[in-house]
Every structure is written in structure tokens, then in C-alpha cells.
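Colleague: I am new to this structure and would like to go through it by question and answer. Please show it first.

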Amino acid sequence: MNRQAQALVMVLFGGAVLKASLTDTYLRYVKEGLRPFLIVAGGLLVAAAAMTLYYEFRPARSAMTGDDGHGHHEPRVGWLLILPAVGLLLIAPPALGSYAAGQTGTVLAAAPADSEFPPLPPGDPVPLGLMEYASRAVYDEGRSLTGRTLRLTGFVITGPDGRPMLARMVLACCAADGRPIKVGLTGGVGVDAPADTWIQAVGVYSDRVEKDPVNEAEVPYFEVTSWQRIESPRRPYE
């Protein structure tokens, strides 16, 4: 590719990165703390593109290079590099959802060193992340959850038995290393929502535990007493 094409690709990619990082779109792909680095990276790409175009089209360079009518033409296939950049600007891929969760085994946080979980804060229902609920249910055998009304938030996935489960993706850095935390749903109130629907489920601890067929990890269950659909949260990952 010639320098003009290189500059165009850089400005498109830089613009896509800036567009994502200056809104909440970037939270679909990386952790929140990486936002400043994305802004700097996008700005540097746009600045590099601007400098390239300036030096390419400045009058002194045009007079030196001239044009004898036999210009060099690079393969046009190089322009196809623009397509993914345009795609990023026009269509933002969604956050990881039920498909990614179904293909990967559930993950649990490490148990506390002293094997004791602090008591939950006062006031019911207590909002808990899926990772915290699962860790308390498995490692603490639900002792710190018993007798409390809880509220969990996640998206619906289809379990191995065909029944709905609750899931949320956990990131170490970015979507490429995303792993799901899964919680089974039980009780007399059935969750009737398609996969990838975000819901808030209110209920109580259940001592039921099953194995994830993907990696044989333990999957705790949650007894649902009520639930409602919600919009996708600003931060979709735990």
C-alpha cells in the first residue's frame, strides 16, 4: 500500500478506537481501567495518520517527486484492509454472551485463605455478583447465605438439561480471556426468557450443586422467587 492508503487505514482504526473508548462501547471488550490507554492509542494513530498525509502532500515533496506519467501502482487488494476498520466504526460487536459461556467451563474465585467469608451487609434483598454467590455457595456451603434474600444479575443461557441458567463473563484483561461464571436456577418460579436476555433474579440460597459438563467444575444453584428482565448493564462483565 502507498502512504496515503496507510494513513487512511490508521485514521479509520484510530477513529474506531477513539469512538469506542470515549463511549461505554469499549467495556464490551476490555476492563474499565484500560480506557486511558485506549484513548492515547487511538489519538496516536490519528496523529500518525495526519503527519503521514501532511508529509505526503506538502508542496516541497510534490515538487521533488514530480510525475512523469509512469507512476507506481500498488496492488488494489491492499485497500481491503480498510473494510474491518470501517466495520468497527459502523457496527460495534456485542459483548460476550450465551454462546461463549456455553463453550467454556465455569470458573470460581479462589477460596479465602482463612476459609471464612464475612457476613453479608444488612438489608434484603442483598445484591451479589455471580462470582461472590458461587464462591460462598461452594466454598462456604452457603452458611453466609442462609436466611437472606439475594438479588443476582446476569444473562440467561441454556443449561445442559435444556433449562435456563444465569451466567456472566469474568475478565482478567479483555474479552479474549473471558470465562463464564454459571449459576443454576431452581424453585417454583420458572424463568421464561430466551438466551442472552439480561435479568435480575430475587431468591434464596439453594444447596443444590451440579457439575459443568464442559470442565467438571461445580455449579451452584439459586432458588428463584421472582425475576424481571432488565437492560444490559453498563459494565457487562464481572
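Modeller: Before we start, contact here means heavy atoms within 4.5 Å. The model is a predicted one.

Colleague: With that cut-off, which residues is Ser98 in contact with, leaving aside its neighbours within four places in sequence?

Modeller: Ser98 has its place in helix H5, residues 98-103. Ser98 has a relative accessible area of 16%, and buried means under 20%, so Ser98 is buried. Leaving aside neighbours within four places in sequence, its contacts are Phe155, Val156, Ile157, Ala195 and Asp196.

Colleague: How far apart in space are Ser98 and Leu166, C-alpha to C-alpha?

Modeller: In sequence, Ser98 and Leu166 are 68 residues apart. In space, the C-alpha to C-alpha distance between Ser98 and Leu166 is 9.6 Å.

Colleague: In what order do the elements of the protein chain run from the N terminus on?

Modeller: The secondary structure of the protein chain comes to 6 helices and 6 strands. From the N terminus on, the order is α-α-α-α-α-β-α-β-β-β-β-β.

Colleague: What share of the contacts with a separation of 6 or more comes from residues 24 or more positions apart?

Modeller: The protein chain has 238 residues, of which 34% count as buried. Among contacts in the protein chain with a separation of 6 or more, the share from residues 24 or more positions apart is 72%.

Colleague: Which element gives the most to the largest nonpolar core?

Modeller: The largest nonpolar core has 24 residues, and Leu128, Tyr133, Leu145, Leu150, Leu152 and Phe222 have the most contacts inside it. Elements that give two or more residues to this core include strand E1 (126-128), strand E3 (164-170) and strand E6 (218-229). The element that gives the most to this core, with 5 residues, is H6.

Colleague: How many residues are in the second, separate core?

Modeller: The second core includes Ala100, Met165, Trp198 and Tyr237. The number of residues in this separate core is 11.

Colleague: Is Arg136 buried or exposed?

Modeller: Arg136 lies in helix H6, residues 130-139. A polar atom of the Arg136 side chain lies 2.8 Å from the backbone oxygen of Pro118. Arg136 also touches Glu141, Gly142 and Ser144, among others. With a relative accessible area of 3%, which is under 20%, Arg136 is therefore buried.

Colleague: Why is the pair of Tyr54 and Tyr55 edge-to-face?

Modeller: A pair of aromatic rings is described by the distance of the centres and the angle of the planes. The ring centres of Tyr54 and Tyr55 are 5.3 Å apart, and centres within 6.5 Å make a pair. Their planes stand at 75 degrees and the limit is over 60, so the pair is edge-to-face.

Colleague: How many residues apart are Phe155 and Trp198?

Modeller: Phe155 and Trp198 form an edge-to-face aromatic pair, 5.5 Å centre to centre with 70 degrees between the planes. Both residues, Phe155 and Trp198, are buried. Phe155 is in strand E2 (residues 150-158) and Trp198 in strand E5 (residues 198-211), and their separation is 43 residues.

Colleague: Which residue lies over the face of Tyr221?

Modeller: The distance from the ring centre of Tyr221 is 4.0 Å. The residue over this face is Arg208.

Notes
Residues are numbered from 1 along each chain as its sequence is written. This is a predicted model: local features need pLDDT of at least 70, side-chain atom pairs count only at pLDDT 80 or more; totals for chains, interfaces and linings use all residues. Side-chain values use heavy atoms; hydrogens and water are left out. Rings of Phe, Tyr and Trp (its six-membered ring) pair if their centres lie within 6.5 Å; planes under 30 degrees apart count as stacked, over 60 as edge-to-face and the rest as tilted. Helices (H or I, at least four residues) and strands (E, at least two) are DSSP runs, numbered from the N terminus. Buried means under 20% relative accessible area, exposed over 50%, partly exposed in between (1.4 Å probe, protein chains only). A charge sits over a ring if NZ of Lys or CZ of Arg is within 6 Å of the ring centre and within 35 degrees of the ring normal. A polar contact is a pair of N or O atoms within 3.5 Å; within protein, one must be able to donate a hydrogen and the other to accept it, and residues adjacent in sequence count only if both atoms are side-chain atoms. A nonpolar core is a set of buried Ala, Val, Leu, Ile, Met, Phe, Trp, Tyr and Cys residues joined through side-chain atoms within 4.5 Å.
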